[in-house]
Each structure stands twice: as C-alpha cells, then as structure tokens.
Amino acid sequence: MDTKNLGFNSKLIHAGGYKDKQGSVNVPIFQSSTFQFESAEEGARCFNGESDGYIYTRLGNPTINVLEKIIAELEKGYGAIGTGSGMGAVNTVYMGLLKKGDHIISSDAVYGPSRVVLEEKYSEFGIESSFVNTSNSENIKKAIKPSTKVLYLETPANPTIEISDLKKCSEIAKENNLTMVVDNTFSSPYLQRPIEFGADVVIHSLTKFINGHADIVGGIVVAKDEQMYKKLRSTMINLGCNMDPHQAFLVIRGLKTLGLRIDRAQENAMKIAEYLEWHPKIEWIKYPGLKSHPQHELAKKQMNGFGSMISFGLKGGFEAGKTLMNNVKMAMLAVSLGGVESLIEHPASMTHSKVSQADKIKAGITDGLVRYSVGIEDVDDLISDLRQALDKIK
Ligand code: LCS
C-alpha cells in the first residue's frame, strides 16, 4: 500500500511496505547473521551493488530495514540507518561528517556523552568542538570558523528543555556550508520533523519515545538525501554499531502506539507543569507548553505538541531535590526517558555528570535541576505522588 498520503498514526501502523509471504501480520524477526546467495554470480552482484539482496546483518537485515523505512518516511528523509544505540547514531554522524582539522558547533545543552565524546575523544583526532546556547542563533554565527563543517542541535535540549529555532539555524547552516544535524530524541517525528525545516541529518535514541517501553536500547540516523545516506551507512557498517534484528522488531512494535502514547503523556505533562508552576516549593520550571517558557511561541511554531519532558528547580536547591527524588513512589528514580512509565532523575550527578562543572553551569545544568519524564499513568496519581514527596521537603 502507498502510505505517502496517509495520516501520521496510519503511517505508524502501515509504513515500511513489508508484505510477508506467509501472511504474518507482523514483521518477522530475521535472526540471522548471514544470508545465502542463489549462486556465486548472485553473491558477486550483491557485493558490487547490482543486486539489493541481503548479505550480512551488519550491512543490512530485512527486519532492521523495515524499521529504517518507517522512520525515514516519518521523518521525511531519503533513508535511515539503524544503530545499536543512540550513541551509535551520534558517533556514526561524528565519524561520517568530520575529519582532522574540522570544527563542529553543538548546542551546549545536549545529552552528556554526546558532548563529552567530542571533548575527550574526537579532540585526539584533531577535531575541534564549540558548545554554544543555540536557542539564540546569533551565538552560532559568532562561533563559525573557516573550518566549521557541522552544526549539531538538540531541541528540546537534554536536560534544559531549551528550544532552538530550526528554520533560522538551517538558514545559517546553508549560508555557511555546514551540515545541520538534529538530535530529535525529545520530540520524535510525531511532534517535530527537522528535515522539513532544512536539517540534513536527524538522529534518535530509539531507546526513548520511539520504542517507548524501556525494554531496548537503540538508535537511528536519518539522511535527507541519497549521497548523505550512502556516506553514513558506510560509516555505520565500518564502525560496526549496527542494530540487532530483535531490537528492530521491538521498536517496530513500540512505534505503533507513538502517537497515542505521546498524546497522553503530553496531556499529563501539561497538567503536572501547571501544578508545579504555582507550587510554593518550586523555584523555576521549564516546560514548552507553559507561557513562561522562553521559547513557548517558537515551540508552537515548530512542534506539533509540547512533549512530556519537564525540568524544574526547587527553592531548597539540590538537598530539596534529593528529598523529592527519594520520596516519590510512582515516578521511578532512573535515567532514560520517553517511556510509558514516569521517571525522575538528577542530570548534574547522573546523565550529565561527566560534563565539567563550569560547562554544566554555563549550559544551565545547575545542581538544582530535576528532570521529569512524564509517563502515561493517571495524572491525578502522578500529581498526588509529587504532592506527598514535595510535602516532605522542610
Ligand atoms: N541523544 C539524546 C537526546 C539522549 O537523551 C540520549 C540518551 C542519547 C542520544 C543516547 O542514546 P542511547 O545510546 O542511550 O540510546 N539519553 C539518556 C538520558 O537522558 N538518560 O539516560 C540515557
């Protein structure tokens, strides 16, 4: 079936175009590392690109390919490349797009390891990186050098929930010949499709909203055009950070309810944000759906919803945050996000602990910041849970 003109939720169920010869409604798990050729000639054709038959799972696998086709269609890209984790996707992009002497500009608030690997490892290969607050696009212009090749954005950013203007950023990228990469993990294609705003590459940690059930780790890279797709696929193959077919099967299953899950989670998040905003023990809160969020109007323009990630600080600072995290009963104290269950964590000591203290402060990742990933539970239960934990703060 041609799914191009279907609505998003229909695409979640029908995109990918897989039709099983045995009639299976679901995509089977092709749990095979290697694939037989019909003849020596066919084997040679597969290797020289004249045939698109499968060869070896690190290069491509039917189950993984279905997931790749679905995500490419949802993100409006040319093609997608499954990876074993979100960090596999991040490194495929860094390795594929940067070489010795190149410079990358990244949002200063990004997932900790996406930043630290540039500072600690890619610097050893002669690759330079700058981290700026990309929610003000003037900061990007100021950071551009003749050697700048890549603009890397996370919006909304982990964990500050700052939002960068995708259209403005892509205009700057085009004017300066930069490849624009967007980590779209916090939105998923249901809420935001960066390629429509001019991004060249989109990446995801599938571990989060796209799979949505906290039972796998996975990643994906989506390329806007064929040339970029081929370059990044060959990088992934050589890095060896491919996805596993069973992982792909679970993501395909989780993905089917993406729209339903996000609708429910963001409805909950709005109510929780409204509750927290006026709570006497809360010092500040960042949720794109609140008018008080500095980029609320931009979020309305470039996103189809405000998502379910909230960050906030308590008047009692980190000690108060600790009391809250130690006393919530329904929200689980755990890293990761975007699942059906609500999770709470402290980025400064957990997900972003390897970022230097000075860089954390500069990026707004203060010691008092608490991150809350709102799940799909009954919102009254989640609010009661927060209320009783907040009551414990002296
Ligand atoms: N990009 C973003 C925005 C992320 O939040 C993460 C993981 C990654 C990439 C890496 O993906 P992974 O390899 O874990 O699949 N973020 C995490 C977090 O905030 N808590 O735990 C993991």
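Visitor: How many salt bridges are counted between domain 1 and domain 2?
Guide: In this predicted model, the domain assignment gives domain 1 as residues 8-255 and domain 2 as residues 258-390. The side chains of Arg115 and Asp359 meet in a salt bridge, with 3.1 Å from N to O, and by the assigned bounds Arg115 belongs to domain 1 and Asp359 to domain 2. Between domain 1 and domain 2, the count of salt bridges is two.

Visitor: What area do domain 1 and domain 2 bury between them?
Guide: The centres of the two domains, taken over C-alpha atoms, are separated by 26 Å, and 43 residues of domain 1 are in contact with 42 residues of domain 2. Of the area buried between them, 59% is on carbon and sulfur atoms, and the total is about 3300 Å².

Visitor: Which residues of domain 1 lose the most area to domain 2?
Guide: The buried area between the two domains is about 3300 Å². On the domain 1 side, the residues that lose the most area together make up 22% of what that side buries, and they are Ile163, Leu191 and Phe209.

Visitor: Is the aromatic pair of Tyr94 and Tyr122 stacked or edge-to-face?
Guide: Seven aromatic pairs are counted in the structure, and one of them links distant parts of the chain, with Tyr94 in helix H4 (residues 86-97) and Tyr122, 28 residues away, in the loop between H5 and strand E3 (128-132). The ring centres of Tyr94 and Tyr122 lie 5.4 Å apart. Planes over 60 degrees apart count as edge-to-face, so the 80° between these two planes makes the pair edge-to-face.

Visitor: Which residue meets Asp102 in a salt bridge?
Guide: The structure holds 19 salt bridges. Asp102 lies in the loop between H4 and strand E2 (103-107), and its partner, 47 residues apart from it, is in strand E4 (residues 148-154). The two side chains meet at 3.0 Å, N to O, and the partner is Lys149.

Visitor: Which residue does a cis peptide bond join to Pro156?
Guide: Most peptide bonds are trans. Pro156 is found in the loop between E4 and helix H7 (166-175), a loop that also holds Pro159, and the peptide bond from Asn158 to Pro159 is cis, with omega near 5°. For the bond to Pro156, omega is about -10°, and the residue joined to this proline is Thr155.

Visitor: What is the phi of Ala214?
Guide: Most residues other than glycine have a negative phi. Ala214, placed in the loop between strand E6 (201-205) and strand E7 (219-223), is not a glycine, yet its phi is positive, at about 50°.

How values were computed:
Residues are numbered from 1 along each chain as its sequence is written. This is a predicted model: local features need pLDDT of at least 70, side-chain atom pairs count only at pLDDT 80 or more; totals for chains, interfaces and linings use all residues. Side-chain values use heavy atoms; hydrogens and water are left out. Domain bounds come from an automatic or database domain assignment. Contact means heavy atoms within 4.5 Å. Buried area is the accessible area (1.4 Å probe) that two parts lose on being put together, summed over both. A salt bridge is a side-chain nitrogen of Lys or Arg within 4 Å of a carboxyl oxygen of Asp or Glu. Rings of Phe, Tyr and Trp (its six-membered ring) pair if their centres lie within 6.5 Å; planes under 30 degrees apart count as stacked, over 60 as edge-to-face and the rest as tilted. Helices (H or I, at least four residues) and strands (E, at least two) are DSSP runs, numbered from the N terminus.
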